[in-house]
Amino acid sequence: MAESQQLWLIPALPLLGFLINSTVGRKMSKQFVSFIAIASVVASFLWVAKTLNALGALEQPHVEHYFTWIASGTFSVGFDFSIDRLTSIMLLVVTGIGSLIHIYATGYMAHEGGYYRFFAYLNLFMFFMLILVLAANFLLLFVGWEGVGLCSYLLIGFYFLEKFAGDAGKKAFIVNRVGDFGFSLAMFLVFINFGSLDFGTVFGKAATLQPEHSAGMITAICLLLLVGAAGKSAQIPLYVWLPDAMAGPTPVSALIHAATMVTAGVYMVCRSSSLFNNAPIAMETVAIVGTATAFFAATMGLAQNDIKKVFAYSTVSQLGYMFLGAGVGAYSAGIFHVVTHAFFKALLFLGAGSVIMACHHEQDMRWYGGLRKKIPVTFGTLCCAWVAIAGIPPFSGYHSKDAILLAAYEHARPLFWIGALTAAMTAFYVSRAMFLTFFGEYRGPNPHADHGHGGHDDHAHGDDHAAHGHADHAHKDHGHGHGHQEIKESPAVMTIPLVILALLSLGGGFFNIPDWLEPVLGSSHAEHDPTAVAVLYATFILGIGLAYVMYVLSPGLPDKLASTFKGLHTLIYNKYFVDEVYDVTIIHPITEGSRYFLWKGVDAGLIDGAVNGAGSVSRWIGGGLRQLQGGNIRSYATWVVAGAVFVVVAMSVWGGVR
Amino acid sequence: MLDLVLFLPLVGFLLALLVPAEKAKYFALIFSLVLFVISLGLIGPVLANPGEYSFVTNTQWISTPNIRYHIGLDGLSLWLVILTTFLTPLAVLVSWKYIGHRMKEYYAFLILLEFGVIGVFVSLDLFLYYVFWEVGLVPMYFLIGIWGHDRRIYAAVKFFLYTMVGSVLMLVAIIYLYLKSGTFDYTVILQQMASGQLKLTPEEALPLFLAFFVAFAIKVPLFPLHTWLPDAHVEAPTAGSVMLASVMLKMGTYGLVRYCLPLFPNAARQCAPWIVGLAIIGIVYGALVALVQPNMKKLVAYSSVSHLGFVVLGVFSFNQLALDGAVYQMLNHGVSTGALFMLVGMMYERRHSLEISDYGGVATQVPHLATVFLITTLASVGLPLLNNFVGELLVLQGAAMVNISWAVFAALGVILSACYMLWLYQRVFFGRTSHETAHHFEHADLQPREWIAVLPLLALMVWMGVAPMGFLTPISVADNKTLQQTKLNVEFKVAAPTPVAPSATAAPAVQVAQTATGVTNAR
């Protein structure tokens with residue numbers, strides 16, 4: 001094996017940052033905290049770069065074994081890291097984008113309370129995310145998997161004074177746990193069938209399997225893995241946590257809930273491609289789940305007014321594309337989209353953060369408008385993200401999305417058509433957000449804002465107002481009435497990351513990721529069918545054009561449409577009432593059933609009722625106890641000894657009888 | 001040296017009765033610390049040969065009947081003894097301000113409890129074992145009954161009666177074994193069984209097994225014999241809850257591994273499907289009931305029912321992984337639930353309430369307490385790199401190897417644990433504080449004494465989660481021996497249908513195979 005590259009340093013550096021900031025950060029200056037946080041992640045990025053440089057073409061995975069973590073009987077799992085071509089991409093994305101977002105966050109969070117706590121959590125997230133991508137076995141991957149879920153929980157609930165933030169964090173953790181349930185069962189089955197959890201061993205054996213003997217089992221494993229992936233990557237039916245996760249600070253939404261953590265499910269599916277390749281039914285399921293998620297999330301994104309919510313549904317939708325890619329066998333196209341999406345979606349969120357800060361923590365796009373002259377850098381960079389996500393050639397999103405859709409075109413036409421329709425909706429909702437925010441006249445500030453606490457909509461508690469706590473903190477710092485607030489561009493520490501991400505969004509499509517990944521994930525090269533390409537060109541023209549008509553040319557049109565198709569609008573505006581349905585069908589029965597049937601019925605009623613049936617005995621002994629208590633300690637000791645003596649004597653007698 | 005560790009607490013108990021009341025806690029702290037340090041000396045020799053008993057003392061205690069003072073320590077009991085000596089000083093620390101009256105008796109009983117519990121873990125003579133089992137019961141009875149909350153008498157009596165019912169059954173079974181074998185010496189009985197000198201017919205073995213099993217199941221506690229536990233915990237003083245959850249419940253699970261499996265392997269296998277069924281019901285049921293508890297201590301108590309269901313599931317899966325996981329989980333539960341009860345006790349000392357609705361938003365006032373509580377919560381919900389994950393993983397993986405549906409249902413408990421713990425955490429620490437609550441928590445973050453009590457537990461959670469092999473290796477060796485014993489003594493009638501449970505016919509066949517692989521692959 002090649003010489004050790006000290007891969008452990010990659011996650012260890014952010015861990016060190018976490019340890020420093022979480023223990024002494026409270027007492028240190030903000031400069032110190034930011035320095036530690038940024039330095040640890042940038043150092044990790046540099047170590048990644050150095051390592052990849054040393055490893056070169058990575059024809060073979062580079063594996064490093066550190067120590068045996070858990071071993072029992074035949075079960076043995078090591079703390080092992082490995083780098084192959086797939087890992088290399090993920091490492092660069094995670095540490096690269098991670099560094100940029102850390103830098104941005106020092107500007108964004110500058111006036112927030114809990115500064116050290118924020119950066120400690122963020123570094124901890126980097127640690128777990130890097131474990132996730134470096135893991136050389138399923139169990140270690142699961143460590144990172146659960147760990148990033150924890151950090152997501154902590155960061156969503158960062159503004160924990162507000163109930164909705166705590167609720168959203170808890171929801172994210174629990175929904176992810178449902179996914180992890182599937183993941184862990186898949187692990188158990190993998191170990192039972194392959195006798196190991198090491199990627200090398202498992203995938204090596206999987207490649208040589210006889211399909212007719214193992215199809216059922218492999219399908220079960222893959223479907224369970226999909227459950228796990230659906231939890232982490234917010235796919236139907238487990239996507240519900242991600243929109244609520246926007247309650248966290250915006251850099252968190254960018255890093256965790258757009259660029260890195262939520263793509264872990266896609267990564268895991270691609271990592272397990274040699275299993276999925278043996279399970280056609282599971283592949284179909286992945287493709288269908290991905291397509292359905294892409295489509296429905298996009299429809300929900302059409303009618304959101306909160307800028308972060310639009311991008312949240314967009315993220316869910318784009319993740320659906322990645323699953324579609326994996327499901328039709330174009331794994332490398334899926335990973336390609338992970339990368340380009342990381343660029344443009346991180347940019348969209350960070351840009352949105354810049355807008356939100358400029359507008360003093362207003363997130364409702366109805367109170368934006370005409371901002372392009374006031375915050376030109378933000379506007380310019382967001383335009384780069386816009387053209388990228390809308391799929392305009394030759395920008396990054398075009399390359400990866402088309403790679404996926406063209407593969408789908410070859411594989412299953414219906415999926416392609418739904419995907420194309422989704423692409424049109426994508427272009428529409430992003431354009432809508434851009435037009436509402438930057439074009440027209442400034443419509444703000446929100447007269448009902450009440451320092452960010454009121455609701456625009458009756459039902460909107462903790463929903464459209466994902467930043468109550470945020471506004472609250474901010475207003476302490478600014479102290480002012482509304483209406484006189486100046487809208488100004490964000491500081492350089494925030495705009496420079498925006499510019500870098502903008503360049504990546506524009507040019508990221510030229511990184512030839514599918515070819516680099518071909519030895520690991522197989523080819524995903526699809527014919528450029530002229531019809532399909534023409535359709536894809538039509539989608540973004542249609543989407544952007546429609547948005548232009550509705551939000552620039554005749555701004556009254558959306559309201560008219562909304563009232564004409566009132567039922568449909570209500571349905572998508574309320575996200576198909578999925579949360580409400582879950583509440584009524586799952587959460588309510590569990591809590592009420594546990595309370596009234598299990599606890600008060602079975603536990604207190606049935607079991608304890610039977611026990612207390614011996615109540616007379618209890619009372620009798622209780623009476624005896626009260627007398628005992630009146631005595632002194634010697635009598636207790638006497639009782640102890642007397643009891644023991646009594647038994648011994650009884651035994652002697654018994655023994656004698658024998 | 002084991003004799004020293006065992007009998008020092010008895011000496012300590014007597015001495016504690018002699019020191020002045022106001023000095024009692026200092027005495028108890030120093031005494032239990034010294035004992036802990038001494039007990040660390042037990043580790044080395046046991047690690048050298050964890051499959052056999054070290055520090056054996058075997059002498060006549062009573063000649064007629066033939067009762068021996070026979071003690072020893074192996075990989076199975078080692079960590080449980082250390083856990084006991086480790087937790088006692090911490091239990092003293094959390095009692096420091098909490099206990100305001102009859103301090104001398106209180107600390108004396110705490111030390112006497114240590115005596116009983118260590119005795120249970122080291123006895124190798126069934127009668128001696130029984131005596132210690134009862135000795136452990138008495139101080140706990142008083143700890144709850146004298147220093148408990150309002151309904152302490154009810155809870156103490158319930159605790160006592162429940163356990164006594166089981167103990168009496170076990171005593172009868174022990175005596176029956178004595179009448180058959182002529183000895184109480186556990187190792188001799190096992191030898192007799194291995195050599196065929198002592199044979200139990202299935203008609204004998206089943207009731208004997210059940211008598212032992214019920215005694216242990218009550219102590220664990222296994223659903224549906226658990227209802228004494230929430231009452232006992234709610235009423236007990238903090239240290240009482242800590243010791244009860246961390247070490248006394250382990251007397252039950254330890255008994256299952258030490259006695260039930262090797263003595264009655266056939267009966268154990270025969271009943272395993274039923275017991276596993278109860279364990280899984282307990283896992284899910286305990287979690288669901290925990291979810292809706294309005295009282296913090298009750299919530300943690302029901303979570304114990306759920307967590308210990310994993311232990312029982314592991315024990316009755318009859319394979320190396322599951323059994324290792326089960327024994328490891330005993331320790332994990334001792335650490336993390338012990339810590340939870342300590343923290344809840346600290347909350348109580350500030351707010352004087354255990355009702356969750358009396359809290360809310362206290363994270364801003366007591367950030368350190370909130371952080372420690374969070375880490376403990378995460379350990380409890382089985383987050384990787386913390387202790388519980390390792391045990392639960394091994395139990396679930398081992399159970400899955402016998403029957404995947406066991407793992408499916410048991411893993412539901414893992415989802416639910418996140419639900420009830422995070423909801424608890426949110427309601428207690430997040431949100432905005434009411435004036436009433438804020439008043440109680442102002443300038444009330446962790447005291448140095450409280451830090452000293454919880455820090456060792458936090459360190460253990462991380463240590464046992466990141467580097468479990470130091471603990472797990474001796475456990476594995478001892479478990480392997482136990483599994484071999486269950487195989488040596490077993491007379492398999494794999495083909496014969498078992499009348500008890502239809503599913504039992506299929507399951508034992510798999511279990512035999514599993515056990516065999518476990519044995520061959522042992523280190």
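Biologist: How many residues of chain A are in contact with chain B, and how many residues of chain B are in contact with chain A?

Modeller: This is a predicted model, with ipTM 0.87 and pTM 0.88. Counting contacts between the two chains gives 57 residues of chain A and 64 residues of chain B.

Biologist: Which element gives the most to the side of chain A that touches chain B?

Modeller: The elements of chain A that give two or more residues to this side include strand 1 (62–72), helix 5 (138–156) and helix 25 (578–612). By class, the side has 32 nonpolar, 17 polar and 8 charged residues. The element that gives the most, with 14 residues, is helix 6 of chain A.

Biologist: Is A:Ala342 buried or exposed?

Modeller: A:Ala342 is found in helix 15 (residues 331–358) of chain A. Leaving aside neighbours within four places in sequence, A:Ala342 is in contact with A:Val93, A:Ile97, A:Ala259 and A:Thr260. A residue is buried if 20 or more other C-beta atoms lie within 10 Å of its own. Because A:Ala342 has 27 C-beta neighbours inside 10 Å, it counts as buried.

Biologist: Over which residues of chain B does pLDDT stay under 50?

Modeller: The mean pLDDT of chain B is 87, and 93% of its residues reach 70 or more. For the stretch in question, the model has 45 contacts beyond four places in sequence. The stretch of chain B where pLDDT stays under 50 is residues 491–523.

Terms used
Residues are numbered from 1 along each chain as its sequence is written. Chains are lettered from A and ligands numbered from 1 in the order in which they are written. This is a predicted model: local features need pLDDT of at least 70, side-chain atom pairs count only at pLDDT 80 or more; totals for chains, interfaces and linings use all residues. pLDDT is the predictor's confidence in each residue, from 0 to 100. Two residues are in contact if their C-beta atoms, placed from the backbone, lie within 7 Å. Helices (H or I, at least four residues) and strands (E, at least two) are DSSP runs, numbered from the N terminus. Ala, Val, Leu, Ile, Met, Phe, Trp, Tyr, Cys and Pro count as nonpolar, Asp, Glu, Lys and Arg as charged, and the others, Gly among them, as polar. A residue is buried if 20 or more other C-beta atoms lie within 10 Å of its own, exposed if 12 or fewer, and partly exposed in between; C-beta atoms are placed from the backbone.
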